[in-house]
Amino acid sequence: MINCKINGIAVQVAEGATVLDAAKKANVKIPTLCYNPDLSPWAACGICVVRVEGSNKMLRSCCTPVAEGMSIVTNDAELVEIRKTVIELILSTHPDDCLQCPRNQDCELQTLAQEFGIRKQSFPKRLRDLPVDDTTGAIILNPEKCVRCGRCVTVCQQMQNVWAIEFLGRGESTRIAPAADVALGESPCIRCGQCSAHCPVGAIYENDQTKEVWDALMKTGPDAKTCVVQIAPAVRVALGEAFGLPAGTDLTKKIYTAFRRMGFDAIFDTNFSADLTILEEGTEFVKRLTGALQGGLAAATKERSMPLITSCCPAWVDYMEKYYPDMVPNFSTAKSPQQMMGAMIKTFWAGKAGIDPAKIFSVSIMPCTAKKYETHRDETMYSSGFQDVDVSITTRELARMIKQAGIDLVNLPESEPDSPMGPYTGAGVIFGATGGVMEAALRSAYFLVTGEELKDVNFTAVRGISGIKEASVHIKGVDVRVAVAHQMGNIQQVLDQVRAARESGKETPWHFIEVMACRGGCIGGGGQPYGATDEIRTKRIRAIYDHDENTEYRCSHQNPYIKQVYAEFLDAPGSHKAHKLLHTHYVERPLFMK
Amino acid sequence: MARMTLDELRALRETKRQDLARRDVEGKDIQIIVGMGTCGIAAGAKLTFDALVDSIQKHGLESKVLIRQTGCMGLCYVEPTVEVAYPGMPTVIYGKMTSDAAEELVQKHLVEHTLLDNHIFDRPAADILKK
Amino acid sequence: MAKKNFMLVCGGTGCESSKSDEIYRTLIKEAELQGVKDDVQVVKTGCFGFCEKGPIVKVLPSESFYVEVKPEDAKEIIAEQVIKGREVKRLLYKKSQQTADNIKVQDIEFYQKQFRIVLRNCGVINPENIEEYIARDGYVALEKALFEMSPQQIIDVMKASGLRGRGGAGFPTGVKWETAAKVNSEVKYVVCNADEGDPGAYMDRSTIEGDPHSVLEAMIIAGKAIGAHNGYIYIRAEYPLAIDRLKVAIAQAKERGLMGVDILGSGFDFDVEIRLGAGAFVCGEETALLQSIEGNRGMPIPKPPFPAIKGLWGKPTIINNVETLANIPVILTKGAEWFAAIGTDKSKGTKVFALTGKINNSGLIEVPMGTTLREIIFDIGGGIKGGKKFKGVQTGGPSGGIIVEKDLDTPISYESLIALGSMMGSGGMIVMDEDDCVVDVSKFYMAFCVDESCGKCAPCRIGTNQMHALLDKISKGNGVEADLDSLERIGKAMTKASLCMLGGSAANPTLATIRHFRDEYMEHIVDHKCRAGKCKSLVVYEIIPAKCIGCGLCARKCPVPCITGEKKQPHVIDTARCIKCGECFKACKFGAVTKR
């Protein structure tokens, strides 16, 4: 441990801790702009300067490690003056259209300007007229607003290992754009939206589709459609943050009520289709595992039936198609819960409710920007004969809609979702957290293989925030080895091992791999409320598992409504009909489109 | 040339040191050294070099004169620079040696044994390492 | 046969103005009169740079150095020197207050103001011939390092020598090496920073062009000291000749077994590769340089970790600039004590400067630390061109500040220059005279920084542009006094809050000129006047009718054209259309065109 002083307050910090870390420990807030706790410091803004007591030199607290005996001053007249000047300089290159900005009232630069009491424009504006890039349909890049803090680039390159965006130009012309200045939609971008979740200002944000949803909800007369909504597991434990509630507040049943008040005609829960996913994917896994046990794991590795890799994350699917197309056969063909729900709404439910699927407007609420892309990813997303999910909006968009509608979410009465695609099991809930899909799959796979129920359904080894988790589960004489990776930058080392095993004719190290593009899984999605840190992610995860423990059924195959859906409509997991509606396929995609 | 051992390096150094001190390498006892740094070349040192070669040939002095190149002598304000060492005459550095001046240099310094007016500039430092 | 005597008469501007031409003619006349025409040649030379004691006459081969010579001394000089073969003692240069009578050229103080360590071989050896380098004690230091010294001993010598980084920051080289040596790593790197980018600086280019082996030898020694076997030379692609010379030198060193595997049979391996920079000034900053070698965008990254601990590809890396390296073989050969005896208390050895600007003898000079700026400018540099008034000298290029007359007697060291609001920088030294405008100069340097800011860090990226805009506004006569406060405010924020020294020092030229020449800024702001006539918007060209004879030359030269007038009648400039190119001013032979 290292001893230091922050403004005279003695604190002890671990070796390697920065001055900023130490200050936090001393309950001293040093203003920052480019710094983000998820990312290694890029040290671009110069606002977090501090000084060692008695020294004339200023240090950047975000990237200066604490040395033994250091005495740091974080606040004096000169420091404040320098910070204020830097903030004013940044403001001089930033448009003043805060009122029309997607980040209005939730903007880190705006907050700094307010905290520093900046009331006049000291330096003339130096704005740039740069075009907005909306080519992905999921996230929008507005370079005019960019403060060039570099967070998005660090996120995209280091955290996510996607390398879709880069700095172009030098000096004042420095801007963020894909390499070679192609459009974002033609770049390797996987639309995970982590850049938008980390952007301190309104330079990268989700493609706001709330108007499309309002239009559908408010339409009357012969063109009016039946509006159906589904909500993903991760949304319910994060939405509260946008309403001032503590992270990890579970608002499931209040959100259902809010949906009704907004005017949705039917409310379903993506947790239900997550259960459906488990049955399809679990069955697929058992089939592949059985094959591997017969033909040998090395052979299965070689022919790429093993390991099975999850495919519920659309950003991950995009990444695989671009960076690991050789893994296409390893991918579970089961659609994601969003798309399964979409297909079921416009087929099964439409039939049951006697509604023309053409007259259904299907909305999904997701923690994710990539889900916007998934709704039209390929022709299998139109399995009902229509676009299965019409619009996918993020948690942030939902929060705005609820506020706009004047709904007092926090104090709403609770209500239940609609039947039969509302009720869900705990297995469906945990899809929202990293390791959740794996855990849910194992709970049911055990049953599918052995015909017996697990005594303890908790697979704690695959839970938690660490980047790569491994576990081994004993199922009927077989040690099933699984790996869970989240945050795209962690995937490479897992997949490279699989690739190496395959190329050298060896057995894959794992039978089953879960991959989620975002840190912490969907609860850390690119469409979630701003300001996620590991502390917040852990709270969201906690809420997910609490919810799981409080459900009547903990395993997908136990869901009586799932049984009903198969009995009435789908026949059996992996049936011809299930394949037509609930499965998809993958192709190699170029990194850069021409 | 093959890789050297330590002893070969030392032997080479001795031989070369004597050669340089003698300044009559290959029987050529007149040395002309042209400053061929970027500053020199930019100011036309390559043309000067060519003019020197031509002029020396014209006067049939090839067998006596060794023309060498070197880097910047530090006198960038009077590039191109040429150092002339002629036995029996003071060793001088000439500046502003255009190709015309180069011909004049051969005629005057090497043939007539007189120095050139308006072209002499001294080496800026007494080279302490010489001693 | 050659003449017996050669009399060199200084033809520099200073000496010419004190009748050196007359001395020259009188000497020739006297030689004829006294009948010794064939025994002496009188030659007019370039400036001896000793203008303070001019006119100068130097006699060869006796090396007699006469100062303050008058035309009437010619007779005596010819009589004594040529006929009697002895010196005219009363005219010989004497060290001040000393009785020593005759002093030879090489003993004269002035000529010892320069002291060549780094440039020891420049202008002496053929840089493309390794044998000439070897002959001048080349690779002696390497022998010592490989066969007689342990890595720690090498480091100890470096530390004891007091050598500090010549790239500008002045970090002790031995300490840097020791840090890297102590890190336990199989792979380490030695990087030579040859990304010289200051406007007006060319020390590193000339050193490499003139003596490439001194850099290579030092890199191998550094490799031995820290335990590295690979080196990179990062050099700007705009230095083609230096790159060629390096390539030749590397090939020759490898061929002779002085580089590569098992150097001289010592068992030590070391290889050097050249990496070309694309001309970004910021890549001279060490972390940006390493990023660039790795193939990344050349942007500085936070330190610590320092490159000596975690550098190129995450391995311990020492980065030394060309001039620093060129010192090292000499230090090892001559010893730390020898080196430490040169220079000042904290700044040891010499410093190479590229002396340019409004100076008579621009060029590459090397002086011991502690030499004063006055000695450099007025003795070595021969003073200001055209006898104009000295205004200031810019050291450290765009990172430094102007140093004015009153500070010229400050002995040069890393610390003293920083105390004057400038810095050593890599060694560019640009002299300015009364015709230079401080606003214009500050704007020029700021424009350079605007172009060269990498764009990473907000204070520099935005601050340079805002400051440039303010300077531009002032230079156009649109400034207000509050703009000076803004300049100082932004400048301070950049200085304190920038990530690297590009931004950290970019405001120096402006801040220093505001400090020293606030009145000139105020002239621009209040009187809309640029006394040097450099700020075009503030200059008005007019024709004084009384002086104009109506020759029409100005009208013919005017590119717009905006000068009209009848033949033999006074002409008129249409100031509204004038682009202020100054061609009319230069063309007029009658002083009729004025600039105000």
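What share of the contacts in chain B with a separation of 6 or more comes from residues 24 or more positions apart? The figure is 64%, two residues being in contact if their C-beta atoms, placed from the backbone, lie within 7 Å. The model is predicted, so local features need pLDDT of at least 70 and side-chain atom pairs count only at pLDDT 80 or more, while totals for chains, interfaces and linings use all residues. Residues are numbered from 1 along each chain as its sequence is written, and chains are lettered from A and ligands numbered from 1 in the order in which they are written.

**Stop 1: chain B and its side towards chain C**

Select chain B. Its secondary structure comes to 4 helices and 5 strands, where helices (H or I, at least four residues) and strands (E, at least two) are DSSP runs numbered from the N terminus. Along the sequence the pattern reads α-β-α-α-β-β-β-α-β. Of the 131 residues of chain B, 45% count as buried; a residue is buried if 20 or more other C-beta atoms lie within 10 Å of its own, exposed if 12 or fewer, and partly exposed in between, with C-beta atoms placed from the backbone.

**Stop 2: chain A against chain C**

Now select chain A together with chain C. In this pair, 27 residues of chain A are in contact with 27 residues of chain C. Strand S4 (58-60) and helix H2 (77-92) of chain A each supply at least two residues of the side that touches chain C, and the largest share, 6 residues, comes from H2(A).

**Stop 3: a sheet in chain A**

Turn to the open sheet of 4 strands in chain A, whose order is S11-S10-S13-S14, with parallel pairing; two strands pair if DSSP finds at least two bridges between them. S11 and strand S14 (391-394) of chain A stand at the edges, each with a single partner strand, so one side of each has no neighbour in the sheet. Strand S13 (360-366) of chain A is joined to S14(A) by 4 bridges. Select Met366(A) to find its bridge partner in S14(A), Thr394(A).

**Stop 4: helix H8 of chain A**

Select residues 252-262 of chain A, which form helix H8. Its buried residues are Thr252(A), Lys254(A), Ile255(A), Tyr256(A), Ala258(A), Phe259(A) and Met262(A). They pack against several elements of chain A, including helix H6 (210-218), strand S10 (226-231) and helix H14 (395-404). Gly263(A) follows H8(A) and has a positive phi, near 115°.

**Stop 5: Leu332 of chain C**

Finish at Leu332(C), in helix H13 (322-334) of chain C. Why does Leu332(C) count as buried? The reason is that Leu332(C) has 26 C-beta neighbours inside 10 Å. Not counting residues up to four places away in sequence, Leu332(C) touches Ala141(C), Lys144(C), Ala145(C), Val157(C) and Ile221(C).
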